[in-house]
Amino acid sequence: MVIPDYYLPIMPYLIVEKAYDFIAFTQKVFNSKTELIVPREEGTIMHGEITIGKAAIMFCDATEIYTPRPAGMFILIPNVDETYHSALANGATSLQEPGDRDYGRSAGFQDMFGNQWWLVKPD
């Protein structure tokens, strides 16, 4: 196996409902790049990979055997407010409004797939 340059030693693997919608959401909110899609015969995603900056997220469509497995993600990002508002405009719900904290500008939201995203721009 040739390991892609965008692989890191550890990467989240999400099991989501409507994986193609997950890709669209991350493209709109984070400007993610689709690296790989391996479809199942019926058209759902058996394995997918996106990158946000230098980080890879692997994912697939949920099935009866592989039920949804959302996660919480901490993401260092230069534009907390813009990203937060974009997420809400694209269907996410607020967990924490943008604000200045001891560790930097921060906000949080939950996407429609159950994942929690914690945005931080360090001071």
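Colleague: Which residue is the bridge partner of Lys-33 in β3?

Modeller: This is a predicted model, in which local features need pLDDT of at least 70, side-chain atom pairs count only at pLDDT 80 or more, and totals for chains, interfaces and linings use all residues. Residues are numbered from 1 along each chain as its sequence is written, and side-chain values use heavy atoms, with hydrogens and water left out. Strands (E, at least two residues) and helices (H or I, at least four) are DSSP runs numbered from the N terminus; two strands pair if DSSP finds at least two bridges between them. Here, Thr-51 in β3 is the bridge partner of Lys-33. Strands β2 (residues 33-39) and β3 (residues 45-52) are antiparallel and pair over six bridges. Five residues lie between the strands of this hairpin, where Gly-43 takes a positive phi near 105°.

Colleague: How many salt bridges does the structure hold?

Modeller: Side chains of opposite charge can pair when their charged atoms come close. A salt bridge requires a side-chain nitrogen of Lys or Arg within 4 Å of a carboxyl oxygen of Asp or Glu. The structure holds two. One joins Asp-81 and Arg-105 at 2.8 Å, N to O. Asp-81 belongs to helix α2 (residues 80-89) and Arg-105 to strand β7 (residues 104-110), so the pair ties together parts 24 residues apart in sequence. Arg-105 also forms a salt bridge with Asp-100, with the closest N and O atoms 3.2 Å apart.

Colleague: Is Asp-100 buried or exposed?

Modeller: Buried means under 20% relative accessible area, exposed over 50%, and partly exposed in between (1.4 Å probe, protein chains only). Asp-100 is exposed at 64%, Asp-81 is partly exposed at 29%, and Arg-105 is partly exposed at 24%.
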